[in-house]
Amino acid sequence: MNPVFLYTLTGLGLFTLGLYALIIQSHLLRKILAINVMGSGVFLVLVALADRAQSALYQVGPDPIPHAMVITGIVVAVSASALGLSLMLRVQAETGQTAFADEPVEKPSKTL
Amino acid sequence: MNLNVINKSPKYNHHQSPLKFLLIIILSVMISGLSYAVLILPSQAPGLSVLAVDNIDKSGVSNPVTAVLLNYRGYDTLLEMCVLLLALVGVWSLGDVPERRHSLLGVVRFWPQSNKPERRHSLPGPVLDIFARLLVPLLILVSGYLLWIGAHAPGGAFQAGSVLGAAGVLLLLSDWHFDHHFSGLSLRITLIAGLGMFLTVGLLLLLEGRQLLEYPPPLAGVLILIIEAAATLSIGFTLASLFLGGRPMTQGTTQAMTQATSQATSQAAIVRPITKDQQ
């Protein structure tokens with residue numbers, strides 16, 4: 001099998017694993033980690049498919065456009081994770097829960 | 001805000017197995033479809049790389065990835081800088097920097113200086129301290145190198161900014177304090193420098209009668225380097241500020257806080273004699 005497709009299928013597997021964990025796990029930290037795994041899968045697919053330009057047919061290196069998208073995507077994913085973690089800490093501070101409850105939870109009295 | 005957040009909470013994990021099986025089936029169908037879609041792609045495709053390489057002489061740089069980031073698709077990168085800034089604004093809007101945070105290295109203090117004795121023993125060990133002192137200048141040097149080399153080899157603003165951000169995170173983890181002077185206006189100016197430089201260059205080019213971010217080929221290399229330098233600073237400081245988890249205290253807010261506490265103590269001092277009289 002062409003190594004390009006091996007990497008692409010690995011990326012797809014990572015994406016699906018992340019999606020599974022995102023749905024199954026209710027803990028918010030695990031959801032954020034699952035979204036990160038999904039993002040890594042997407043990046044792997046993009047970088048792997050960019051390598052298809054690097055062949056004898058076309059005398060050029062790997063396609064730079066997906067590479068540029070992945071570079072910015074990684075930094076944006078990090079900042080989005082940071083925002084997600086801050087929101088999670090806020091949810092935990094407000095409700096004392098680390099997951100979204102099915103029914104509304106009573107707000108505990110604040111201890112200052 | 002403590003480590004309870006990452007504790008296991010088994011009570012949330014009630015999932016009926018039929019639903020789980022249904023989910024596994026749906027995801028299997030999804031991954032089969034996606035795999036099929038990927039496998040029928042031609043194994044050799046130039047994408048846009050031929051176009052990118054053919055126009056590299058006009059882009060001002062010789063690294064095609066940097067040319068894509070800062071020249072061909074500069075508008076994309078401009079909006080990505082906006083996303084970074086928005087994420088930081090989102091984190092800051094959730095509150096100030098937590099006064100006390102737990103980390104793997106013990107309790108780490110941030111800007112609010114505290115004299116409480118319980119926090120004095122949270123200083124990092126000598127190994128981490130010396131390691132940070134050695135590594136941070138090196139990281140700044142590497143960041144500058146990556147920024148410069150980005151014009152003709154792998155590197156560029158985002159990589160350099162990430163290294164700079166890592167240096168900032170290392171400093172924060174090893175319990176360095178920054179003066180409040182730096183967390184006010186100067187920090188905010190650094191955070192928007194990248195986006196501001198991008199927009200300034202773009203608008204100046206518009207006034208010249210060109211498209212937004214359409215660099216004139218002779219000047220392209222210089223303009224890209226200027227934008228990248230500002231973007232590196234902004235990305236690095238944004239990542240380090242995101243790590244703080246809240247809006248850092250500025251000199252004004254700390255003064256207000258100390259005033260409030262001193263007022264409270266003076267009020268307490270006033271109140272105390274009255275209660276004594278009542279007794």
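Biologist: In which hand, left or right, does α1(A) pass α2(A)?

Modeller: This is a predicted model, where local features need pLDDT of at least 70, side-chain atom pairs count only at pLDDT 80 or more, and totals for chains, interfaces and linings use all residues. Residues are numbered from 1 along each chain as its sequence is written, chains are lettered from A and ligands numbered from 1 in the order written, and side-chain values use heavy atoms, without hydrogens or water. Helices (H or I, at least four residues) and strands (E, at least two) are DSSP runs numbered from the N terminus, and a crossing is left-handed if the near helix is turned anticlockwise from the far one by less than a right angle, right-handed if clockwise. By that rule, the crossing of α1(A) past α2(A) is left-handed.

Biologist: Are α1(A) and α2(A) roughly parallel or roughly antiparallel to each other?

Modeller: Axes are lines fitted to C-alpha atoms, for helices over the stretch in contact, and angles run from 0 to 180 degrees between N-to-C directions. Angles under 35 degrees count as roughly parallel, over 145 as roughly antiparallel, 65 to 115 as roughly perpendicular and the rest as oblique. The axes of α1 (residues 3-24) and α2 (residues 28-50) of chain A come within 7 Å and cross at roughly 165 degrees. The two helices are therefore roughly antiparallel.

Biologist: How many residues of the contact of α1(A) with α2(A) are nonpolar?

Modeller: Ala, Val, Leu, Ile, Met, Phe, Trp, Tyr, Cys and Pro count as nonpolar, Asp, Glu, Lys and Arg as charged, and the others, Gly among them, as polar. In the contact of α1(A) with α2(A), one residue is charged, five are polar, and the nonpolar ones number 18.

Biologist: How far apart are the end C-alpha atoms of α1(A)?

Modeller: The expected span of a helix is 1.5 Å times one less than its number of residues. With 22 residues, α1(A) should span 32 Å, which agrees with its end C-alpha atoms being apart by 31 Å.

Biologist: Which helices do the buried residues of α1(A) pack against?

Modeller: Buried means under 20% relative accessible area, exposed over 50% and partly exposed in between (1.4 Å probe, protein chains only). The buried residues of α1(A) include A:Val4, A:Phe5, A:Leu12 and A:Leu19. They pack against α2 of chain A together with, from chain B, α1 (17-39).

Biologist: Which residues does B:Ser35 touch, beyond those up to four places away in sequence?

Modeller: B:Ser35 lies in α1 of chain B and is buried, with a relative accessible area of 16%. Contact means heavy atoms within 4.5 Å. On that basis B:Ser35 touches A:Leu9 and A:Leu12.

Biologist: What share of the residues in chain A is buried?

Modeller: Chain A has three helices and zero strands, in the order α-α-α. Of its 112 residues, the buried share is 43%.

Biologist: What share of the residues of chain B counts as buried?

Modeller: Chain B has 10 helices and two strands, in the order α-α-α-α-α-β-β-α-α-α-α-α. Of its 279 residues, the buried share is 38%.

Biologist: In which hand, left or right, does α7(B) pass α9(B)?

Modeller: Helix α7 (residues 157-173) of chain B packs against α9(B) at an angle of about 35 degrees, with the axes 7 Å apart. The residues that meet include B:Phe158, B:Leu164 and B:Val169 in α7(B), and B:Leu233, B:Ile235 and B:Phe243 in α9(B). By class, this contact has 14 nonpolar, six polar and one charged residues. The crossing of α7(B) past α9(B) is right-handed.

Biologist: What is the phi of B:Leu213?

Modeller: Most residues other than glycine have a negative phi. B:Leu213 sits in the loop between α8 (185-207) and α9 of chain B, and is buried, with a relative accessible area of 6%. Its phi is positive although the residue is not glycine, at near 65 degrees.

Biologist: How far apart in space are B:Asn71 and B:Glu214, C-alpha to C-alpha?

Modeller: B:Asn71 lies in helix α4 (residues 64-72) of chain B and is buried, with a relative accessible area of 15%. Leaving aside neighbours within four places in sequence, its contacts include B:Lys58, B:Tyr215 and B:Ile224. B:Asn71 and B:Glu214 are 143 residues apart in sequence, and their C-alpha distance is 7.5 Å.
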